[in-house]
Amino acid sequence: MYSIKCVNKIAKIGLQRFDTSVFNLEDSASPDGLLVRSASLHEEALPPSVLAIARAGAGVNNIPLSDCAEKGIVVFNTPGANANAVRELAVCALFLASRDIYGGITWARTLADQGDQVPALVEKGKAAYAGPEIAGKTLGVIGLGAIGVGVANAGHHLGMDVIGYDPYISVDAAWGLSRSVRRCHDLKALLSECDYISLHVPLNPNTKGMINADTLALARDGLRILNFARAELVNDTDVLAALDSGKVARYITDFPTAAVVAHPSVVPIPHLGASTPESEDNCAVMAVDQLADYLRFGNIKNAVNYPDVDLPWVPGPRLCVAHKNVPSILSTITECVAEYGVNIENMINKSKKEYAYTLLDTTTEIPPAVAAKLATVPAIIRVRIIAE
């Protein structure tokens with residue numbers, strides 16, 4: 001039986017998908033799998049028993065990915081599970097960025113004690129909160145994953161001219177993108193054409209601070225920025241200076257920081273992108289299914305630190321090997337299996353940068369000695385034998 005620990009509260013609809021004859025959801029000091037949402041695991045000492053971590057959400061900045069990879073701990077996320085929730089909020093943000101709806105509502109509430117004068121005061125003061133329509137304007141979508149594609153398509157349907165930028169767009173994402181979205185291969189060119197930009201890229205060393213003084217200098221005056229990805233994609237100091245100068249007209253962020261939260265031209269949304277019951281349910285279901293499939297059958301889908309490897313399960317012995325992506329490692333694995341007289345029936349191997357993963361189905365029982373010997377190979381990180 002596999003033991004599961006929920007680091008955060010996980011939606012019940014997801015937990016109910018665990019087969020209780022195979023998975024134990026009681027607290028354990030030696031869990032096989034962890035389910036997590038936003039809790040940080042960087043300061044946690046992960047038990048040696050942990051085989052996998054499933055993040056119910058897309059961002060994995062709260063998980064020590066490299067350390068996990070080195071220990072053979074597969075980390076999953078749930079891309080696309082909350083895409084509709086974030087897309088809807090980003091569409092809302094297009095309007096918040098255009099007219100000062102937020103400021104206007106805040107001001108209107110100050111008139112509560114004006115009695116019969118409220119209608120006249122509203123008419124007199126409304127001009128301060130006016131803004132442009134979005135139809136006919138140019139929207140640049142940076143990052144064309146599930147969320148970015150949804151935002152780009154929505155912008156098109158709202159009458160906007162949409163430009164998309166993503167040098168790593170997947171085939172599946174490309175299939176879902178409206179043919180009316182113009183693809184741009186140069187971020188600088190996109191910035192020079194857009195009235196609005198919406199950020200939907202992961203945070204990494206290449207994207208951190210990508211919106212800064214240098215990139216903003218290329219943009220049109222009055223640019224409106226939507227950030228529903230991560231706070232660190234935008235340099236706070238530079239965007240504040242751009243807001244003060246008029247280079248940027250409005251900054252809508254779902255990740256407020258102390259630096260920007262009080263600026264009058266910033267609309268700070270308290271990280272509501274995935275805060276819908278539907279999104280939480282979708283993420284929980286996807287995270288549980290991926291974690292269960294890996295623990296029971298060794299299959300990897302939507303991992304962030306190991307390659308996706310999926311071999312249809314046929315009852316019988318299966319060898320799962322997490323290892324470094326180095327020359328001759330496959331021959332090392334197969335020779336070891338053959339040495340113990342085990343016949344390989346099916347095999348799949350894939351790599352992701354410096355890490356790789358191999359699944360072997362065999363026609364005969366795999367002796368524990370096979371796993372023990374493979375574990376002594378320096379390039380091999382973790383070995384499991386599954387037999388159901």
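His157 is found in helix 6, where helices (H or I, at least four residues) and strands (E, at least two) are DSSP runs, numbered from the N terminus. This is a predicted model, in which local features need pLDDT of at least 70 and side-chain atom pairs count only at pLDDT 80 or more, whereas totals for chains, interfaces and linings use all residues. Residues are numbered from 1 along each chain as its sequence is written, and side-chain values use heavy atoms, with hydrogens and water left out.

**Overall architecture**

- The protein has 13 helices and 16 strands, and its C-alpha atoms fill a box of roughly 90 × 45 × 35 Å along the principal axes.
- Of the 388 residues, 49% are buried, a class that means under 20% relative accessible area, with exposed meaning over 50% and partly exposed lying in between (1.4 Å probe, protein chains only).
- Where contacts join residues at least 6 apart in sequence, 63% of them are between residues at least 24 apart, contact being defined as heavy atoms within 4.5 Å.

- Helix 6 covers residues 146-157, and at 1.5 Å a residue its 12 residues should span 16 Å, which agrees with the 17 Å between its end C-alpha atoms; the expected span is 1.5 Å times one less than the number of residues.
- Because 9 of the 12 residues of helix 6 are buried, this helix is largely enclosed by the rest of the structure; the buried residues are Ile147, Gly148, Val149, Gly150, Val151, Ala152, Asn153, Ala154 and Gly155.
- These buried residues of helix 6 pack against helix 3 (83-98), strand 6 (138-142), strand 7 (161-165), helix 7 (171-176) and strand 9 (196-199).
- His157, by contrast, is exposed, with a relative accessible area of 65%, and its C-alpha atom is separated by 9.7 Å from that of Ser180, which is 23 residues apart from His157 along the chain.
- Just after helix 6, Gly159 takes a positive phi of about 90°.
- Ile163 has its place in strand 7 and is buried, with a relative accessible area of 1%.
- The C-alpha atoms of Ile163 and Ala152 are separated by 7.7 Å, the two residues being 11 apart along the chain.
- When neighbours within four places in sequence are left aside, the contacts of Ile163 include Thr138, Leu139, Gly140, Val141, Val181, Arg182 and Leu190.

**Helix 8**

- Lys188 belongs to helix 8 (residues 187-193) and counts as exposed at 56% relative accessibility.
- Lys188 and Leu216 are 28 residues apart in sequence, and their C-alpha atoms are 9.3 Å apart in space.

- The structure holds 1 cavity of 30 Å³ or more, a cavity being a set of points, on a 1 Å grid over the protein atoms alone, where a 1.4 Å probe fits but cannot get out.
- The largest cavity has a volume of about 40 Å³, a volume being the space filled by probe spheres set on the grid points, which are joined across faces, edges and corners.
- Tyr294, Cys320, Val321, Ala322, Tyr357, Arg382 and Arg384 line the largest cavity, lining residues being those with an atom within 4 Å of a point.
- Strand 13 (317-324) and strand 16 (380-387) each supply at least two residues of this lining, and strand 13 gives the most, with 3 residues.
- By class, the lining of the largest cavity has 5 nonpolar, no polar and 2 charged residues, where Ala, Val, Leu, Ile, Met, Phe, Trp, Tyr, Cys and Pro count as nonpolar, Asp, Glu, Lys and Arg as charged, and the others, Gly among them, as polar.

**Aromatic pairs**

- Rings of Phe, Tyr and Trp (its six-membered ring) pair if their centres lie within 6.5 Å, with planes under 30 degrees apart counted as stacked, over 60 as edge-to-face and the rest as tilted; by this rule the count comes to 7 aromatic pairs.
- The rings of Phe18 and Phe23 have their centres 4.9 Å apart and their planes at 50°, so the pair is tilted.
- Both Phe18 and Phe23 are buried, and ring pairs link Tyr2, Phe18 and Phe23 into a cluster.

Methods. 1 Å grid on protein atoms, 1.4 Å probe; cavity = no way out; pocket = protein on both sides within 12 Å on 5 of 7 lines; lining within 4 Å.
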